[in-house]
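User: I am new to this structure and would like to learn how to read its features one at a time. Could you take me through them slowly?

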Amino acid sequence: MNTNIWTVDKNVENLSESRQIQQAAQALKRNEVVAFPTETVYGLGGNALSDIAIDHIFQAKGRPSDNPLIVHISNREQLIEYVDKVPERAEKLIEAFWPGPITVVLQHSKKLSTKVTANLPTVGIRMPDHPVALALIEAAGLPLAAPSANTSGKPSPTSANHVEKDLNGKISGIVDGGETGVGLESTVVDCSNDEVVILRPGGVTKEQIEEVIGPVKVDPALFDQETAPRSPGMKYTHYAPSSPLVLVEGSQTFFTKKVNDAKREGKKVGAMITEESQGLSQADYEVITGSRKDLSSVAHSLYRSLRAFDDCELDIIFAEIYSENEIGSAIMNRLRKASGGVIIKETDEMNNF
Ligand code: TXA
Ligand code: MG
């Protein structure tokens, strides 16, 4: 299959009428699949009303079919059409954060393809805060199911180039609207029961959510490998670079020591660090992911950084860790998955003496 690249300038007026968006929309109406940028990561979009389109999405990604997709909409009428009801707290979250990086899980109205929801009674739905995404949904006149546009298990794409690397030849096209902003996926919040629960930390933080609707729970499975998570996607290994990734908890000196010890053992070593630690160890390959002074810069470049290690055939990659509040909790959630939960702690090693 020939994969079209439609390059667009996200700042032009009447984007939905542009030739590129019109062509991409036509492909979507034919139940083909098209990747497009959102404010979080690139999505792989398909008509959420069509089993055929949804099959294409799962095939292109190699995604397990029990993992439901998020439905992307561009207006409130679509919300009313595809969900059964909008409880008060969901309404408040939508009012506060849409368009934006929060997905609400609600009972659906049974109009969507059952393959989108993996036969669950609920659907995850969001309105992305990106002019290209909104223009495409409008031009297609369809709700778009869109998982992240990566091969299943790989880091999510934050540029059209990442999508091309994973999916070239497998999809009808890519709308290239430049790099994404947030860099991590949306926050998934289950609002379908009396109790509101964060199923996946993301672009909107727990602190921001609690400012709007008061205390919420976080799915305990996010921190515990034993319990089955309520968001089906969270049970799979994800975001992994092609060399083993190890998280390092402790001082800068401890991090440097870990890198230098591995070097002494003859290993080819990568280090995923912030600006502040640049050049402090003997790592063969350093990737700088933003600055500690602004964790949103770390979120923004996290997936690009994980992908940057792919071409260097390293024996091991050490990554710095972050505090678990605000956007840090989403960063740490992705890093734990990328590392398969492998973390070495300075305190543990001290206790061994
Ligand atoms: O930022 C994002 O959310 C991106 C962009 C493209 O919008 N999309 C994205 O989709 O991350 P995906 O498919 O990679 O992740 C969807 C997550 C999965 O963890 C899935 O299990 C969960 O949302 N999910 C979807 N529908 C659900 C439902 N009905 N109940 C519980 N979890 C659901
Ligand atoms: Mg994904």
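Predicted model: local features only at pLDDT ≥ 70, side-chain atom pairs only at ≥ 80, totals over all residues.

User: How many of the residues of helix H10 are buried?

Analyst: Nine of the 11 residues of H10, which spans residues 328-338, are buried, so the helix is largely enclosed by the rest of the structure. The buried residues are Gly328, Ala330, Ile331, Met332, Asn333, Arg334, Leu335, Lys337 and Ala338. After the helix comes Gly340, whose phi is positive, near 60°.

User: You listed H9 among the elements that cover H10. How should I read two helices that pack together?

Analyst: The general idea is that two packed helices are described by the angle between their axes and the distance between the axes. Here the axes of H9 and H10 come within 9 Å and cross at roughly 20°. Because angles under 35 degrees count as roughly parallel, H9 and H10 are roughly parallel to each other, and their crossing is left-handed. On the H9 side the contact involves Leu295, Val298, Ala299, Leu302, Tyr303 and Leu306, which meet Gly328, Ile331, Arg334, Leu335 and Ala338 of H10. Sorted by class, this contact has nine nonpolar residues, one polar and one charged.

User: At what angle do the axes of H1 and H5 cross?

Analyst: The axes of helix H1 (residues 19-29) and helix H5 (residues 131-140) cross at roughly 55° and come within 8 Å, and these two helices are therefore oblique to each other. Their crossing is right-handed. H1 contributes Ile21, Gln22, Ala24, Ala25, Leu28 and Lys29 to the contact, while H5 contributes Val132, Ala135, Leu136, Ala139 and Ala140. By class, the contact of H1 with H5 has nine nonpolar residues, one polar and one charged.

User: Which residues of H4 and H7 meet?

Analyst: Arg89, Lys92, Leu93, Ala96 and Phe97 in H4 meet Gln208, Ile209, Val212 and Ile213 in H7, and these residues divide into six nonpolar, one polar and two charged. The axes of H4 (residues 88-97) and H7 (residues 206-213) come within 10 Å and cross at roughly 120°; the two helices are therefore oblique to each other, with a right-handed crossing.

User: How do I read a pair of aromatic rings?

Analyst: A pair of aromatic rings is described by the distance of the centres and the angle of the planes. In this model the count comes to one aromatic pair. Tyr285 and Phe309 form that pair, with 5.8 Å centre to centre and 85° between the planes, an edge-to-face arrangement. The pair links distant parts of the chain, since Tyr285 is in strand E14 (residues 285-288) and Phe309 is in the loop between H9 and E15, 24 residues apart. Tyr285 is partly exposed, with a relative accessible area of 32%, whereas Phe309, at 0% relative accessibility, counts as buried.

User: Where does Gly178 lie, and with which residues is it in contact beyond its neighbours within four places in sequence?

Analyst: Gly178 lies in the loop between strand E8 (173-176) and strand E9 (187-190). Leaving aside those neighbours within four places in sequence, Gly178 is in contact with Tyr42 and Thr158. At 30% relative accessibility, Gly178 counts as partly exposed.

Definitions and conventions
Residues numbered from 1 in each chain as written. Chains lettered and ligands numbered in written order. Heavy atoms only, no water. Buried < 20%, exposed > 50% of the residue type's maximum accessible area, 1.4 Å probe, protein only. Helix = DSSP H or I, 4+ residues; strand = E, 2+ residues; numbered from the N terminus. Contact = heavy atoms within 4.5 Å. Phe/Tyr/Trp six-rings, centres within 6.5 Å; stacked < 30°, edge-to-face > 60°. Axes fitted to C-alpha atoms, helices over the stretch in contact; angles between N-to-C directions. Parallel < 35°, antiparallel > 145°, perpendicular 65-115°, else oblique. Left-handed = near helix turned anticlockwise from the far one by under 90°. Nonpolar A, V, L, I, M, F, W, Y, C, P; charged D, E, K, R; others polar.
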